[in-house]
Amino acid sequence: MNVGAILLLTLSGLVLVAMLILRGKKGPSPCVRPLPAFQDLRAQAGYAAESGGAIHIALGSGGLHGEDAVTSLAGLQVVEALADAAVSYSAPPIITVGDPTLLPLAQDILRRAYERRGLAELYDPGRVRFVAPSPVAYAAGAAYVATTENVTANMMAGAFGAEVSLITDAGARRDLSQLAAAAAPRAIGALYPAISRLAVGEELYAAGAQMTGERRYLVSLVAQDILRVILVLIILGAAGLAFLSNWQGW
Amino acid sequence: MTPEILETAGLVLGAVLTLMIFSYLLGDNLLYRLALHLFIGALMGYSFGIVLREIFILKVLAQLVGKEYIMVAPLTLGILLLIKGLPRHAYIGNFSVAYLVGVGTAVALSGALLGTLVPQIGATGRALSPASLASFRAGPLDGLLIVVGTICTLMAFNFTVPRKQRGLTGVWTRGVRALAWVGRVFLTFAFGVAFAGALTASLSIFIGRIQHLIDIFTNIYFRVIGG
Amino acid sequence: MSSLVKRWIPVLLFGTLPGLVVLAGYLIPTSQTLTYFRDCLVEWAVIVAGFAFFLGMFNVLRIHGGRVAHLRKGWLCSLVLLLAALAAWVPSVLPASTTIQKTLDHVTFDYVISPLGASLAALLVFTLALAAFRLLRARGSARGVFFLLVVAVTLLGSTPLANLEWLADIRDWVVNVPGMAGMRGLLLGVALGTVITALRVFVASERPHSEL
Amino acid sequence: MIYCPKCGTANRRGSRFCNECGAPLPMRTALRCPMCGATNPIGNAYCDKCGARLIPMTVPPFEESGREQAPIKGLSLPTIPLEEKQEQQVEDVAEGVGTEERETEDWLTQLRASTMEEAEEPETTTEPIEPVEIPDWLRDLGPVSVKTQATPGEEQPTTKAPLEEALAVPSPAVGEITERLQELVPAEVPDWLREMAPPEGAPPQAAPPAAEAAPEEAIPATPAPAPAEVPDWLREMAPPEGAPPQAAPPAAKAAPTEVPEWLSGLEAEPAPPSAPTTPAFEGVTPLLPPEPGTGVAEAEGLARAEIPGWLEVLRPRPEATEAPAEEGPLETEGLLEGLRGVIPPTLAIEVPAVRESALSPEISEVSVARAQLLQSLLARPVETPRPTARKRGISMGERAQRWLVAAVLVIAVGGMLMAPLIIPREDIPTLTKPAEAPEAGRRIEFQRLKRMHDVIQDVHAGDAVLVAFEYGPAEAEELNLVAEPILRHLLDQGAHISVVSTRPEGKTVAARLLSGIIASEERYTETQYARSDYRPGGATGVSQLLTNASTPPHTPPELILVLTAQPGPLRWWVEQSRLQARGEGAPAIVAGLSAALEPAASPYLDVSAGQLEGAINGLGGAAAYEMHRGSAGRATQRLNALAVGHIAIVGLMTLGAVLYALGGSRRRKK
């Protein structure tokens with residue numbers, strides 16, 4: 001039995017639920033440091049509407065039923081926040097996915113944004129596209145969409161590998177403004193020299209809070225910071241024990 | 001069509017397709033796009049064939065024939081998911097999407113706990129133990145650097161900023177900001193190593209493809225000259 | 001009634017409950033029943049994902065088929081895609097291990113999918129090198145030069161030239177001490193974000209899969 | 001006119017953002033009203049024209065939804081400190097209070113705006129005209145609130161139709177009109193109109209009995225506003241400032257009023273004397289000919305009997321009958337024989353326009369040009385401009401960079417790989433030597449390699465070894481080279497390999513590689529590689545593969561070799577094999593990894609973690625393993641090309657940095 005894992009899980013659950021209850025409704029909402037990758041995306045939505053183009057959102061090749069489920073859900077938060085703004089500007093985004101399980105969820109988010117405004121007849125399922133089943137083929141296909149459609153900005157958020165470099169190269173060729181959020185080290189390594197507005201690692205999971213500013217997202221970031229301090233204390237404690245117990249070693 | 005000729009024709013086809021993809025180096029052109037769509041189409045058809053054979057024929061049908069009627073449950077969920085194709089009744093498919101999200105989240109959560117949090121915290125904690133330091137050249141200094149680096153990198157992702165900056169919280173905020181600065185230096189190390197790894201891997205594949213092209217051309221060249 | 005059907009039954013009954021069973025199956029692997037349920041539920045998820053592939057194919061047919069039907073821009077590429085998909089699907093329909101099926105399968109995999117996949121992966125070296133060439137444009141000079149040094153040491157140290165063996169020692173230190181520390185901090189942060197987001201899905205604070 | 005939902009400012013139709021507060025405006029789009037078909041901005045819950053509900057009842061319109069519903073994702077982020085937040089809350093409260101009033105004002109302004117719009121552009125979708133600045137004098141004369149006979153204390157202002165309708169009502173004799181204008185508080189009337197009314201000092205006419213009799217006509221005295229400022233286009237049509245004011249037309253006499261010179265001067269041809277001409281403004285319907293003489297009876301001082309209104313209407317009109325039209329010719333034949341005043345039959349075309357514009361002023365060229373411009377603007381069809389996004393190709397500098405990088409890579413790698421064709425392989429100097437034992441001993445990478453080699457060395461003939469092929473055709477080019485030396489070593493040991501994978505392509509890749517290796521050496525026999533198994537589902541698939549591998553027909557594996565380019569499969573195999581064996585006698589695990597995986601795998605390779613016995617990374621590791629076993633394979637041959645490739649990339653990065661630094665200084669100088 002993995003005692004350590006179970007303890008960590010219960011601790012995380014308690015902190016999150018406590019935060020959601022205590023600061024979920026009352027009190028001033030927490031302040032978070034802004035991340036350029038998500039802040040500039042709102043301006044891009046306005047620019048896309050004015051210039052008659054669209055934003056291309058690449059959600060990566062992570063599926064919903066595997067290891068990358070949560071990374072893909074974080075990417076979908078970007079779509080959810082952008083869908084409302086894009087529908088009210090009547091400039092819906094083009095969303096490319098690399099796994100078929102992500103397709104129905106991304107289409108639902110766009111459809112609901114239209115239904116909230118009573119414009120169900122304007123919803124076009126073709127705005128969400130399943131490009132290809134393998135990561136490299138997906139990246140090359142998404143790059144093709146970014147170059148041929150009337151796209152003004154590239155946003156990459158989700159589970160990627162080093163093949164994300166094909167999408168950023170296509171964006172650089174069309175001189176598009178590019179923003180990205182990735183969790184895998186290989187993807188971050190490939191994006192770091194190409195894109196200045198990059199959210200790395202854990203910052204991808206703050207997409208909802210950054211884009212919408214909703215209370216539940218901000219409060220869960222507070223819970224994340226509390227758990228971070230607890231993890232640091234655990235590491236310091238273990239390192240101290242290891243150091244002391246082997247004092248004779250040197 | 002002897003296997004010999006088929007083999008050579010296949011290799012030549014592979015080489016031509018490789019050159020069509022490499023034509024991207026000169027600029028985005030029709031040859032590259034045709035090769036790309038040929039690849040995506042072939043992969044789509046091939047994967048669809050595998051999904052049909054491996055999942056539906058060998059698994060679902062086999063178990064249904066073997067009177068395991070429990071298979072009806074995933075079948076129903078699957079059929080409900082197909083209704084997502086009709087926007088008007090899309091909400092009926094939410095049961096299947098919820099199932100996928102639930103199971104996927106559990107797999108990812110257990111992967112994070114068992115695969116990363118527990119082993120990495122344990123390894124960082126043991127970084128100062130003699131067993132792990134024996135392999136390091138500078139001994140305890142390296143171990144200490146790993147522990148400090150991990151903690152600073154972890155603090156670099158701190159999100160919330162306390163509202164009141166007076167007193168203790170002010171000290172805490174400044175402390176976190178200093179740790180975050182050091183953490184970003186360690187992060188740059190990690191990104192540099194990750195970028196170099198990605199470059200080396202793709203360079204190895206690039207070398208393999210160039211070598212493949214050279215082998216085919218020399219093969220054909222000598223056969224034509226030799227023949 | 002509608003909010004009960006549209007929100008709470010899918011989210012809790014079909015989402016959180018199986019998730020908790022699978023999670024328990026992983027965290028308590030010693031109990032046979034939990035691991036059996038875990039394996040069943042994950043296997044079903046793979047089957048439902050298989051059905052999702054039908055949705056994917058329908059989406060591809062709709063977009064590329066529409067482009068070919070109306071002869072819109074890029075219809076030739078879409079036509080090539082559809083024909084290739086049909087041709088690559090045929091071997092899986094033919095009776096297994098007949099010569100024609102084996103040959104078609106061999107040709108599709110070895111002479112079309114493998115070379116094209118490898119060539120696209122090889123193209124990455126060009127796009128990564130180009131991004132590295134424009135490094136300082138994206139990253140400021142201080143951070144960019146520091147990143148350049150780390151990459152140079154890591155690359156040159158992995159295949160050190162004859163009289164530059166000392167580079168390999170520096171690379172070994174860079175990769176296994178600061179690089180490892182930074183990577184661990186990054187992985188711990190990602191794991192923390194994954195845990196919190198997953199818990200939010202389980203407590204239904206995050207409901208992308210529900211109608212309201 | 002589109003009213004901003006946030007601050008209420010009026011914005012031109014078709015604009016996307018409020019020019020006051022910048023909030024996005026509901027776009028004028030195809031939100032068709034189900035009842036009247038009118039198009040409405042998408043923000044509307046109710047139709048502007050007919051008030052029908054636009055948003056179906058099932059989905060409550062976002063303004064009215066009472067319950068907590070996924071709010072329209074406001075894009076604000078509370079990164080502002082507490083104090084500003086409180087001020088904002090105070091403003092919210094103030095706004096909150098103001099919102100009721102503004103809400104009532106909103107529907108009022110929309111009502112006024114829609115009626116004003118219809119007056120200006122009844123139906124035609126014309127080019128959105130500049131917002132017409134209603135001159136003050138016109139607005140003040142706008143809806144005149146008339147107090148009806150309301151019960152005391154209940155203030156019920158009803159708005160009467162705007163000025164045009166007030167003027168358009170068939171009014172009594174011109175004299176009566178001037179009195180009505182007097183009642184409209186002379187100060188409000190502009191100068192040109194005032195000249196037509198009696199001079200200030202003139203004794204007010206006896207108020208017409210109707211005015212007394214019908215109190216509801218009593219228009220409350222409104223404070224005299226400042227003299228209205230007339231717009232320029234109107235002033236040019238009026239007489240020049242300096243001209244002596246016309247003698248105020250004599251008090252309304254029974255005879256028809258005599259037209260003022262400035263007005264008559266503007267007429268091209270003499271208007272028929274009988275048609276009284278008051279300046280016809282566009283949109284203001286000219287007055288109808290007054291009905292003569294209703295007030296004659298008062299002169300003899302008899303108390304007038306109270307005649308009810310309905311009877312009054314029936315009173316025969318003597319004048320209408322007394323003044324017959326001139327004697328028309330008597331018809332002598334045809335059906336109309338004996339009738340007088342029959343209109344001669346003429347073609348419709350020749351019928352002159354019944355009412356030529358009485359006004360044909362010598363309009364200056366400027367106003368003619370202005371009118372033509374306005375006309376052309378109105379004629380142009382409306383389509384909101386949707387310019388396509390700027391098609392941006394790459395500049396020459398970018399293209400040169402791409403070609404430079406491509407050329408350097410192809411020449412460096414291609415040159416190194418083609419060298420053996422020209423120079424015999426033995427003469428080519430090895431640029432880089434894989435890690436030799438003596439000085440490499442201290443390096444961690446070599447320690448892991450050595451541990452792996454020792455573990456495989458311990459495998460005996462006939463032992464079962466599980467090899468997990470967790471990569472696809474794209475990564476095969478690199479991982480085949482990494483896997484080859486390890487598999488050769490296993491086959492040399494006589495181990496019995498069984499292939500497993502959680503990826504469908506894994507089996508095919510494994511079959512190709514192993515058949516190639518076995519074919520290359522006679523001593524390897526086909527029997528050493530027999531079964532291959534595939535289970536999807538990630539970690540669960542791995543646990544099923546492990547259980548299958550341990551079931552009786554197959555002996556539990558001594559060693560597990562994981563070949564992958566992704567961190568996931570590596571972790572699944574490490575965890576599941578530890579869980580499966582529950583610690584006692586867990587099989588050793590070694591890994592052949594891609595170079596990209598090295599940083600992510602190092603935590604598992606940590607000796608203290610005890611998870612992985614050993615691993616090699618990428619082409620460099622494979623070459624080192626081959627060198628360590630003393631047989632130079634394909635990996636070693638490509639090592640030179642890898643080294644040259646690395647040098648080329650580092651050179652390109654440095655060159656790019658230097659060029660950017662130089663470009664930067666040039667930019668700063670410029």
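Me: Which strand of chain B does strand 1 of chain A join, and do the two run parallel or antiparallel?

Reply: Strand 1 (residues 31–32) of chain A is joined to strand 1 of chain B by 2 bridges, and they run antiparallel. Strands here are DSSP runs (E, at least two residues), helices are DSSP runs too (H or I, at least four), and both are numbered from the N terminus. Two strands pair if DSSP finds at least two bridges between them. This is a predicted model, where local features need pLDDT of at least 70, side-chain atom pairs count only at pLDDT 80 or more, and totals for chains, interfaces and linings use all residues. Residues are numbered from 1 along each chain as its sequence is written, chains are lettered from A and ligands numbered from 1 in the order in which they are written, and side-chain values use heavy atoms, with hydrogens and water left out.

Me: What stands opposite A:V32 there?

Reply: B:T160, in strand 1 of chain B.

Me: How many residues of chain B are in contact with chain A?

Reply: 56 residues of chain B, against 69 residues of chain A. Contact means heavy atoms within 4.5 Å.

Me: And what area do they bury?

Reply: About 5,200 Å² between chain B and chain A, with 75% of it on carbon and sulfur atoms. Buried area is the accessible area (1.4 Å probe) that two parts lose on being put together, summed over both. B:F159, B:R163 and B:F191 supply 14% of what chain B buries against chain A, more than any other three residues.

Me: How many salt bridges are there between chain B and chain A?

Reply: The count is 2. In one of them the side chains of A:R173 and B:D28 meet at 3.5 Å, N to O. The rule asks for a side-chain nitrogen of Lys or Arg within 4 Å of a carboxyl oxygen of Asp or Glu.

Me: Which helix of chain B gives the most to that side?

Reply: Helix 4 of chain B, with 17 residues. By class, the side of chain B that touches chain A has 38 nonpolar, 13 polar and 5 charged residues. Ala, Val, Leu, Ile, Met, Phe, Trp, Tyr, Cys and Pro count as nonpolar, Asp, Glu, Lys and Arg as charged, and the others, Gly among them, as polar.

Me: Switching to chain C and chain B: how many residues does the contact take?

Reply: 99 residues from chain C and 108 residues from chain B. They bury about 9,500 Å², of which carbon and sulfur atoms give 84%. Helix 4 of chain C gives the most to the side of chain C that touches chain B, with 25 residues.

Me: Is C:T35 buried or exposed?

Reply: C:T35 counts as buried because its relative accessibility is 12%. Buried means under 20% relative accessible area, exposed over 50%, and partly exposed in between (1.4 Å probe, protein chains only). C:T35 is found in helix 2 (residues 32–69) of chain C, and its side chain reaches the backbone oxygen of C:S31 at 3.0 Å.

Me: Back to chain A. Why is strand 5 described as largely enclosed?

Reply: Because 9 of the 9 residues of strand 5 (residues 151–159) of chain A are buried. Strand 2 (residues 54–60) of chain A runs parallel to strand 5, joined by 6 bridges. Strand 6 (residues 177–182) of chain A also pairs with strand 5 in the parallel sense, over 6 bridges.

How values were computed. A polar contact is a pair of N or O atoms within 3.5 Å; within protein, one must be able to donate a hydrogen and the other to accept it, and residues adjacent in sequence count only if both atoms are side-chain atoms.
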